[in-house]
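Here is my note on the model you sent.

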Amino acid sequence: FGQRGPLSCICRACTMADFRSHAVILTEKNTGRQLRQNEGMSGRPLWKIKLEQEEAAAQGRDATAQPAPSKGSGSTDQWVTRGEYLFHAPTGVHYLPFTHQYFRHVHGELVECDPNHAPFALPVQHLSEAAAWRLPSSPPSETRHVLVKDMVKAGHALKMELDHLDRPAGLYAVYSGKGGAGVVSDFCAKNLHTMLFARLARYLGRWDVARLASAVEETLDELEVEAPLVEDSETASLVLCLAVGANIFVTGFGEGQAVVVRVAEGRALEELATRQSSSEASGTSLGARLAVHHGEVSDSQMVVLSTSVLPGDKAAEFVLSHGLRRPKAVAASLLGERRDDSVSSSVVAVSFSPGTPQAAPAGPEPPAKKPRSDVPREKVRCRQLLLKHAGLKHAVDNVRKKPVVRTREEAEAALAALIPRLLSDVDKEFPKAAREMSESQEALKGGDQAGDMGWLARGKMPKAFDDVAFALKEGEVSDIFVSELGVHILQR
């Protein structure tokens, strides 16, 4: 038996002190039996080969294994061996001792994770809206925007696990491309979010600033490689804003621009967030790379993304006059200020307000229960300003009895321009503005009742209307919003 001595237990877990409790003891007798069974072979007993292999594996495990995770992992005796992994059945966690990595099964694949990680749900409010102007003769790919307001929910739809990200998590982007570059712009709009989500789903743990910045850079690298090549001299542009918890990242390609407007003590400070990277142009159908800008939501701010250069200081001016809670009005006003009838443009505005972190939900929220029909419905009373546009099925001004020929973009800009006036004295100016320009029947009411819709039960109006009306505080003026009836402003 060599260095092991005359007696040894084949159970790798026991010691010399307790080996007698095991029934299988290697004695000279059973050793002889094993040797006779191996006659005519290499001369090395199989039991000895197996024993040495098990000892080597046990020594390797003892040298490299770590204690079980402190959260959600249970005691160490709940870990069992599965091939090269240790598996913890109660939590579904796999542990690879030789690399000190933990994994979970996600959609049939093992994905690296941190079993101790718990995402935060920060009360940082994201309000995002967009405004766009496209030439009637231009294709949809010339300019567009994509707003992913809940990346976790979008990840579930795409079968990508993003529950580990801090909340709220959103991705906002504008794209543009003239001529042949429109194909590149269209490719980026369809693939940016899936490429980025795939990277974020590769590690189910905490994504710090460095990890997030690296994921954004790698996604842009992949877009450069995968984007189709076109012979047209024009290049595509994109500007994106990734917001995860309290971290904000802004970057992109080409001629687009992003500004960050910080608001404090009634003042607004505008900062250019997109600058040309120090690296050379990509040499692809995408424009020059923009350096990654990182910021934190430590104060109230709005990020404005545009496919073209924004007029100086106008973003700060509109944020102050329209308010952080009205990003649609800010975007529409900036688009109206910048609008050139020969160039298609898109503007996205996202406002952020800070708060105190708290634990995020462990998984997807359960579906809401269907409300009982015998319970009285919630009601709300609102005033309304409504402008219709030519794209509606019933594009007729019901007050002045004439067809409507304005575009939706023109209707949005007209109502956005009213916001500062309404905020100056809402009880006086709202009825007055309703009589002057609203195209709903409530505008015909007299005096202070002009625009008053009375008490409305939830479900009687389009969903977009209900979502805004029931979210308003008493006396508050809404942002401009679009429904199947037209473009609205409400006051509760």
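**Notes on the predicted model**

1. The protein chain has 10 helices and 24 strands; helices (H or I, at least four residues) and strands (E, at least two) are DSSP runs, numbered from the N terminus. This is a predicted model, in which local features need pLDDT of at least 70, side-chain atom pairs count only at pLDDT 80 or more, and totals for chains, interfaces and linings use all residues. Residues are numbered from 1 along each chain as its sequence is written, and side-chain values use heavy atoms, with hydrogens and water left out.

2. Of the 492 residues in the protein chain, 46% are buried (under 20% relative accessible area, 1.4 Å probe, protein chains only). Taking contacts (heavy atoms within 4.5 Å) between residues at least 6 apart in sequence, 65% join residues at least 24 apart.

3. Ser185 sits in helix H4 (residues 181-200). Ser185 counts as buried because its relative accessibility is 1%. Leaving aside residues up to four places away in sequence, Ser185 touches Ser141, Tyr175, Ser176, Gly177 and Ala236.

4. The structure holds 5 aromatic pairs (rings of Phe, Tyr and Trp, the last by its six-membered ring, with centres within 6.5 Å). One of them, Trp79 with Tyr95, is edge-to-face (planes over 60 degrees apart), at 6.4 Å centre to centre and 75 degrees between the planes. This pair links strand S1 (residues 79-82), which holds Trp79, to strand S3 (residues 93-96), which holds Tyr95; the two residues are 16 apart.

Conventions:
Buried < 20%, exposed > 50% of the residue type's maximum accessible area, 1.4 Å probe, protein only. Phe/Tyr/Trp six-rings, centres within 6.5 Å; stacked < 30°, edge-to-face > 60°.
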